[in-house]
Every structure is written in structure tokens, then in C-alpha cells.
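Here are some notes to read alongside the model, written for someone meeting it for the first time. Please keep the structure open and find each place as it comes up.

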Amino acid sequence: MDRLALRGADLVLVGMHWLWRGLGLSNNTLFVVELDAPVDPERIRRALDRFLDLCPWPAARLARPFPWGALHWAAGDRAGLPAPLVRHRPAASDDERHAALEAELNAAIDPRREPPLRVLILGRLLVLTWFHPLMDPRGGQNLLVHLADLDRHGGRVPEGAARPVFVAAPDPRPLRERGRIARSSLAHMRALAAVPPISLGTGVTARGRIRFRQQRFLEREPAGEDRRATREISWRLALVGRALAELWRRRGLPDVPFLVPISVDLRPKGEPGPIFGNLLAFHFARFRPSETADLPELARTLRGRMAEALRDGQIEANAVAMDFLRYRPLRWMLRELPWTAERETFSFNCADIGEFVPAGTLFGRTVVNAYHAPAILPRPGIGVFFNRCCGQSNLVTTWVEGVVSEDEVTRIVDVIREGLGWDRTC
Amino acid sequence: MPKQSDSDRVAGALVAFINDNIMAHGHPIGPDDDLEGAGVDSMAFLKILLFVEREFGFWMPDEDLLRANIASARALAGYICRRGKPA
């Protein structure tokens, strides 16, 4: 196979980015893995090379036949596939390391001209950077684990192991049925479009540098009985909403409902296969900044709406509908969500990226921590992401310079930390 | 011990649902496995609660979502059996 069609969620990511065409905005996402010692870059290069023998997509190019063909990943012969770049920099101070990570996030990958994936070894950090539409965070985790597996077995698929699958199976349902399901999602999207969202980035028109802050925390164990509740995305979303509502009030923004897309991971749990593409559907949460005053009630309401969206098939319908974006994703977005023409997207980004559970060592090193840091658009201009690894909770706040200040980010982190009962570890 | 076997049957039904609808093939869970540790996230857990609603006829209230009730399929089965008992 030398072509891989983009999935619906990939196309949404490409479409939103296109709204800012010409500014060279980054659509990178980072997966940062902290190890107990630096990895040998040659081992990564060798594993990537062996991986390309099995699957070309980390070295493919984004292509689209003129004029209205579907966007896809195109790969040539194996001999002509340039391996993704693996760079190596020695250990540096914390500040220098963070500056290098932000530079990595901002150095936009152009997937039409270079591989959509690259690797940076920064002292004890192993950083996988990819063009976000290539795969979702769990896809990136799985790819890294697969590369480490190849390294462990001398570059071969382990004896007796099933040959890995890199592409999701197509939806087996007939076109007519999928069309019917997709139409029900469209009706829901039209209802959402009735009230345009605003964000802290509203009014921003120029490119700003993307910044991020990662802090790791430990949960206080005595609160174990209600631990599950605070790990629920509904609770976390309500809490992030409360932190941002404070800023809304301070800036005198109106009490217009937040509109926040919540990604739903469609990958089977425990699936270690490095399947490419964003295997996601979306649930759209709406609540007013003023509703964050009663956090338990808001979390309960958001949770009830998510259950309702699952019960009536809305989330599944969203996944099916996105698959119809093959040819004209932007045109669809502009028609169904007219405010996107003004470059408004959502009020803020928020996602629970879940847990990275490394099995044993990676490239001979022990994993100490890991987190994802995705680039975001100037509007909404801020995103809050939860990650877990090795018993620690990571909070990653990403923002566009000029949209919020460092002090405001500190306040956002404090509100969330307090609400989750986390103790800072470093 | 009829109560025990009820709980086992419910746990078996939960495990079958989770393995068929949430877990990847080749990565099944058992009745005592920690659901969170197996990667069952918020949305996946809501799917389990919808299954409970469909099969056992009630929606689990938020105040009962305690770790002791939902840590594993067996813990959830125990809760379902207790809940099903006449007051």
C-alpha cells in the first residue's frame, strides 16, 4: 500500500489549521519521555529504519490530487523513503531544556516536504514530535513502544508475535446506513452552531509563539474513596472551566456558554498496535462560566450529558459523520459552524490524554515520567491537558504568547491543583 | 451459596461486555483486574454504566461511584447484587 487516507479527526485538525494559512503555524504535538539516562540515538535510528521496512507512514508525505482529491499520506518505494530525523543534544540546564522543547513545538513540520515525524534526544529526555494529524497521542505512545520492541528484538518482529496492523479497518456498514447516522450528527452540530463561542484568543489575528508549562503532581491518597470522581473528565473539565471563568470575569467577558470539544478515544483499551490516524470522536460540552460556581453540580451535569450522548448514539454518529469529510472538510466546517470563518473554534482545549504505561524499559532505559504537549491555535489560544505516568499526574498548559500571561497560567494551575487535591512533586 | 453465584454471574456478564466492547482483542481483563489500570477511561466507564442500566435496570447514581464499588468487574458486580436486594 502506498497511500493512507486521512481519517475524519485528522481532517478536522488540518481544516482548522487551514483557517490560519500563510502564518506558518505549528501543528506539532510532542510526546516527552523522561528516562533515567540518555538513550543512544543510533538505537532509535536503527529501530526507525526497521520500522520503515514494515510500515512507511512515519516517512510519508501529505498529498492531495488536484483539484478535489482526498488528502492522504503518500509513500514511495522503501529505498526512496528518507528516515525521520533523529537529533541528539547533550544535557542542559532545566531552562535550556524547556526552551529547546518550546522551540521543538514551534518548529512547524511541513508534511508536504518532510517526514511527519522526528525525534530529539535532549539529555535524559526522548522527544517524539509529529504533525498532529498523523496520529493521536495514544498512537504516538504505541509507536514508541513498538520501536522499543523492535530495538529489543534486534530489529525483528518478535518470534511468534502477530504481525502488527498499522491501519484501522474500514467501517463495514453500508454507505446508506452510515449516511443516515451522519445526518443525525449534523443536526446536533447545527444546534451547537446557534451560539458562537468566544475565547481568550478572540481578536488575536497574528501568529504568536506557542508556550507550554508542564508540572507533575502526586495525588493525596487519603482522598482515595472519591479518587475516581476527580479522575473523571467531567470533573476535570468543570475545574478547568472554573479556572478560566475567573479570567473571563477579570476581563469582563460575557457569560456566553463555553464550547469545548472533548475527544473520545476510539482505540480499544490495551491495544499496543501503532495504528496511524487520529482514532477519535468528539463530544461537545457547553456550560456557562457562571455555572462553575457549583463544581460538583456542574460535574454531575456534564457527566449526565456525556452519558446521554453515548446512550443516544451521538458520539458514534459524530465519528461516522467525520468520516464524510474526506473531500471538503473546510467547506463543511464553514457551512455547519459558520463562526469558524472568523477563525473562532472553541472556548478552550481540554483533554485527558490518559496514562502511558511502559512495559519494562525503552531502548535500555527506565521511564521516569512522560507527557504530551500539543500545539494549539491562536484561537482559543489556551489548552489544558492531563497526563499520567509512573504514578504521577502531569498537568500541561499550552498557550499562545499574548493570549494569557505567565501569572495567569500560574493561577490556572493553582485552581486545578487545589481542586484535584494534588501535591506538587517538583 | 446462591448470593455468591449471582455475583459471579454478574461479574461474568460485565467482563464479557468489557472484553467485547472496550478492550482490544488479545488484551482481555479478568473479574479482579483494576479497570482504571487496564485503561478504562471516563467514556469507557460510562459505556459500562449504560450496560448496567440496560441489563440490570438502573442508573448508578454519582454518590455510589466510590472506588470500593467500581474498582473491578467483581466490585461492580457486588454493588449491583447489593443494590438489587430488596430493602
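Is A:Leu266 buried, exposed or partly exposed?

1. In this predicted model, A:Leu266 is partly exposed, because 18 other C-beta atoms lie within 10 Å, while a residue counts as buried at 20 or more and as exposed at 12 or fewer.

2. To find A:Leu266 in the chain, look in the loop between E9 and strand E10 (280-287) of chain A. Leaving aside residues up to four places away in sequence, A:Leu266 touches A:Leu279, A:Leu280, A:Ala281 and A:Ala319. A:Phe348 stands 82 residues from A:Leu266 along the chain, and the C-alpha atoms of the two are separated by 22 Å.

3. Turning to helix packing, helix H1 (residues 8-18) of chain A packs against helix H10 (residues 329-336) of chain A at an angle of about 75 degrees, the axes being 9 Å apart, which means that H1(A) is roughly perpendicular to H10(A). From H1(A), the residues A:Leu11, A:Val12, A:Val14, A:Gly15 and A:Trp18 meet A:Pro329, A:Leu330 and A:Met333 of H10(A). Sorted by class, this contact of H1(A) with H10(A) has seven nonpolar residues, one polar residue and no charged residues.

4. Where the two chains touch, chain A contributes 23 residues and chain B contributes 20 residues. On the side of chain A that touches chain B, at least two residues each come from helix H6 (227-231), helix H7 (233-250), strand E9 (258-265), helix H8 (295-311) and strand E11 (349-356), and H8(A) gives the most, with six residues. By class, that side of chain A has seven nonpolar, four polar and twelve charged residues.

Conventions: Residues numbered from 1 in each chain as written. Chains lettered and ligands numbered in written order. Predicted model: local features only at pLDDT ≥ 70, side-chain atom pairs only at ≥ 80, totals over all residues. Axes fitted to C-alpha atoms, helices over the stretch in contact; angles between N-to-C directions. Helix = DSSP H or I, 4+ residues; strand = E, 2+ residues; numbered from the N terminus. Parallel < 35°, antiparallel > 145°, perpendicular 65-115°, else oblique. Contact = placed C-beta atoms within 7 Å. Nonpolar A, V, L, I, M, F, W, Y, C, P; charged D, E, K, R; others polar.
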